[in-house]
Amino acid sequence: MSADLATGRQKLAWARAHMPVHNALRERLSKERPLAGECIAVCSHIEAKTGVLLETLARAGASVVFTGSEPGSSQDDVVAALNEQDGITGYAERGISEERLAELHSQALVHAPTMILDDAAELTARMVNERPDLLSGVKGVCEQTTTGVQRIQAMLGDGALSFPAYAVNHTPMKHEFDNIHGTGESALTNLLLTTNLLLAGKQVVVAGYGDCGVGVAHKARALGAQVTITEIEPRAALRAHMNGFAVLPMLEAAAIGDFFITVTGNRDVIRREHIERMQDGAILANAGHFNVEINSADLADLAVARRQARPGIEAFELADGRQINLVCEGRLVNLAAPTAMGHPAEVMDQTFAMQLMAALHLFTNHSSLKPGVHPVPDDVDRQVAEIKLETLGIQTDQLTTEQQRFLDSWRASDLLDPD
Ligand code: RBV
């Protein structure tokens, strides 16, 4: 057995042991096999937790094809350990170019998937653009990320969407956990591992106070950092202010930050005019899906020299001698840094359970759903929460009949004097 295969199998076994919701679902689905006959494509960061999702889909009867959603985030050993399994075939490699990623997507599309579980709408956009011949066979898409839902909405606005898509990102069981706790913990864990520097007492600038930014900002503060938020959305800026953070335009924040972490879902959030004001030694990292949030071309343009400072960190020397450090080429720091493993297993267990349950629901209901972006029904979300609580051994209270009647009432007489 190759060393790769051995570590890939090990990583999968560890992930399985820490994904109890999947274990519960797998047991049920392998008896029912509701996806028999379907070809499900999963486009994501191909590492061990994603591998567990693929295994559960295969046990549910689907023929599963996988591919990477980002050039730097898949793990070759896990890819090898997945490709040896029955019912799973895939195309993903670590550290590749955008062109190679496109080739791998094309190979996955040759399997003519009937459903796609997507991350950042990468495979969906590829199929719509390059394989229109496949569209009539597609029942629908389940999209996991904020960026991807936005992209599918844009596709719809453009008249390019011919099937229903579930906005899995928008379910409470996904974004209130994955975006906040998953991104929050894994972005900081991997930033600190890659730099081997202390966060306590540092000035940390977090660009974007959406769910991911909230997670990063609060956890950085909990570790003792002084956190500043930059925003373009007035309510998010106010929320950050009232949660006790400094809120500044990036031009001002640029001058004070030791660490910069972008989590906006937009491009050029850090660009030339900001880099020009930064302090010597500033460290720039991105935790949004695409590597466009930090304009690395501007950084290269301003630099008189550049060198590898550590694995995963490139130092750009400016004309006046200042050194600005870019972490893993501005790619997702929690997945593409040299030792990065993505979000913690427990959180991906929930996210992927949502993808799986949304896919099952879409499979049964696709013919009654119009092309468009749809919310995942709330009871699907609730079911996953119930399974998760059960695996944690946490019990909740139940409404009494009187309490239920109170909630269903509107007349003062019923509310105040039900008997
Ligand atoms: N994400 N996946 C992992 N497999 O380790 N870590 C993060 C993993 C997903 C997360 O759910 C988010 O929606 C997406 O990455 C952004 O690309």
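Val347 is located in helix H15, which spans residues 345-365; helices (H or I, at least four residues) and strands (E, at least two) are DSSP runs, numbered from the N terminus. This is a predicted model, in which local features need pLDDT of at least 70 and side-chain atom pairs count only at pLDDT 80 or more, while totals for chains, interfaces and linings use all residues. Residues are numbered from 1 along each chain as its sequence is written, and side-chain values use heavy atoms, with hydrogens and water left out.

With a relative accessible area of 11%, Val347 is buried. Here buried means under 20% relative accessible area, exposed over 50%, and partly exposed in between (1.4 Å probe, protein chains only). Val347 and Pro249 are 98 residues apart along the chain, and 32 Å separates their C-alpha atoms. His274 sits in helix H12 (residues 272-275) and counts as buried at 4% relative accessibility. Between the C-alpha atoms of His274 and Met250, which are 24 residues apart along the chain, the separation is 6.8 Å.

Attention now turns to the ligand. Its surroundings comprise 15 residues, of which the closest are Glu47, Asp119, Gln144, Asp178 and His289; a residue is near a molecule if one of its heavy atoms lies within 4 Å of it. By class, this shell holds three nonpolar, seven polar and five charged residues. In that grouping, Ala, Val, Leu, Ile, Met, Phe, Trp, Tyr, Cys and Pro count as nonpolar, Asp, Glu, Lys and Arg as charged, and the others, Gly among them, as polar. Helix H3 (48-59) and helix H8 (172-195) each supply at least two residues of the shell.

From His343, a backbone N or O atom lies 3.0 Å from a nitrogen atom of the ligand. On its own the ligand has 400 Å² of accessible area, and the protein covers 94% of this; accessible areas come from the Shrake-Rupley method with a 1.4 Å probe, and for residues only the protein chains shown count as cover.

Helix H8 also contains Asn179, which is buried at 2% relative accessibility. The side chain of Asn179 makes a polar contact with the side chain of Lys174 at 2.7 Å. A polar contact is a pair of N or O atoms within 3.5 Å; within protein, one must be able to donate a hydrogen and the other to accept it, and residues adjacent in sequence count only if both atoms are side-chain atoms.

Helix H5 (residues 98-109) has 12 residues and reaches 17 Å from its first C-alpha to its last, close to the 16 Å expected at 1.5 Å a residue; the expected span is 1.5 Å times one less than the number of residues. Its buried residues are Leu101, Ala102, Leu104, His105, Ala108 and Leu109. Seen down the axis of H5, these fall within an arc of 160 degrees, so they line one face of the helix, the arc being that of the directions from the helix axis to the C-beta atoms.
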